[in-house]
Amino acid sequence: MSEAAERVREFEWRDQDFKFLAKLLHEKTGIVLTEKKKEMMYGRLVRRLRALSIKSFAKYCEYLQGASGDKELGFTLNAITTNTTDFFREMHHFEYLRDRLLPQVSKQVSLNSAHHFRIWSAGCSSGQEPYSIAMVMRSILGPAARNCKILATDLDSNMLATGKFGQYDAEKCHETIPRTYLASYTKKVKDSDGDMVMMKDEIKKLITYKQLNLLHDWPMKGKFDVIFCRNVMIYFDKETQDRLVRRYATYLKPDGILFIGHSESLLSVSDVYKCEGKTTYRLLP
Ligand SMILES: C[S@@+](CC[C@H](N)C(=O)[O-])C[C@H]1O[C@@H](n2cnc3c(N)ncnc32)[C@H](O)[C@@H]1O
């Protein structure tokens, strides 16, 4: 950035402030913020400084180290996370679920059975991923889907609130949700933003939303049949990625499946997973 451009900034943004914040956020979330992200970080945090009437990033860094620091960190993390998502993003994973995994489950899970098929959407953002899973599950298993459980976790509390609410822009939903699912599992609503689509309760009930930092302890008991961790690890360094995918292995049932994002790879953990197809991995015995 040129000196002239620096002069027109609303808040002073020194290199040392960027480095302090990048280090703190890396420690807390695993997200790597390189110099290239400096402008993005300024843009995402500037509203927070205004809201707090803080006059510079140096003062904001001090604030984060002060008595209100722990509470403030939640706002900083919510501002920094990249939450891009969509219904049925990377469709091949939902096709795999629909055509390969769920038909087998439907033989075991009946209305009264205690068999629980468990799926974890790790880094679920605003809910489009777990809702896509739930719609596929309901369409294949019928009412017996209620014996299946989807856990949806994210670090960002704003995203989890959107997910729990389950209401999305109608135009976007019409572009991304297959028509039969849209007709069966959603209803039309209107609010101040215009036409919206609301997930029906029968779909919402299949999902439990929880805040979870993937770098911290995982309190879940029991193992999962499928884990979706897509487009989350790309923000982490290699070491954190490796640790995470090895940790997922300990939370998968025998033969469990891990879906990852299109630009992620599990080459370094081929001792733990076998590639089953595009970004689809099966736990090795
Ligand atoms: C780009 S979104 C991916 C959403 C969805 N999985 C998809 O593929 O469409 C990445 C999500 O990971 C979450 N995230 C980033 N770091 C995290 C961490 N340390 N623990 C839990 N979630 C994290 C972000 O809050 C964000 O919602």
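Glu239, Arg247 and Thr250 are exposed on helix H12, on the face turned away from its buried side. The buried residues of this helix are Gln241, Val245 and Tyr248. Looking down the axis of H12, you would find its buried residues within an arc of 55°, so they line one face of the helix. All of this is read from a predicted model.

What do the buried residues of H12 pack against? Their partners are strand S7 (224–229) and strand S8 (252–260). The length of the helix can be checked too: H12 has 13 residues (238–250), which at 1.5 Å a residue should span 18 Å, and the 19 Å between its end C-alpha atoms agrees with that.

In soluble globular proteins, nonpolar side chains tend to be buried together. Here the largest nonpolar core has 67 residues, and those touching the most other members are Ala134, Met137, Leu141, Leu206, Ile227, Cys229 and Leu258. Helix H7 (residues 128–141) gives the most to this core, contributing seven residues. Both domains take part: domain 1 (3–80) and domain 2 (91–166 + 201–283) each supply at least three residues.

Setting aside its neighbours within four places in sequence, Met137 is in contact with Leu102, Ala145, Cys148 and Leu206.

The chain divides into domain 1, covering 3–80, and domain 2, made of 91–166 + 201–283. How many residues of each domain are in contact with the other? Seven residues of domain 1 meet 11 residues of domain 2. On the domain 1 side, helix H5 (residues 69–80) provides the largest share of what touches domain 2, with three residues. Taken over C-alpha atoms, the centres of the two domains are 32 Å apart.

## The chain as a whole

Stepping back, the secondary structure of the chain amounts to 12 helices and 10 strands. With a radius of gyration of 21 Å, close to the 19 Å that the globule rule gives for 285 residues, the chain is as compact as a globular protein of that length. Its C-alpha trace spans about 65 × 50 × 35 Å along the principal axes.

Of the 285 residues in the chain, 33% count as buried. Among contacts with a separation of 6 or more, 73% are between residues 24 or more positions apart.

Key
Residues are numbered from 1 along each chain as its sequence is written. This is a predicted model: local features need pLDDT of at least 70, side-chain atom pairs count only at pLDDT 80 or more; totals for chains, interfaces and linings use all residues. Helices (H or I, at least four residues) and strands (E, at least two) are DSSP runs, numbered from the N terminus. The expected span of a helix is 1.5 Å times one less than its number of residues. A residue is buried if 20 or more other C-beta atoms lie within 10 Å of its own, exposed if 12 or fewer, and partly exposed in between; C-beta atoms are placed from the backbone. The arc is that of the directions from the helix axis to the C-beta atoms. Two residues are in contact if their C-beta atoms, placed from the backbone, lie within 7 Å. A nonpolar core is a set of buried Ala, Val, Leu, Ile, Met, Phe, Trp, Tyr and Cys residues joined through C-beta atoms within 7 Å. Domain bounds come from an automatic or database domain assignment. The radius of gyration is taken over C-alpha atoms; the globule rule is 2.2 Å times the number of residues to the power 0.38.
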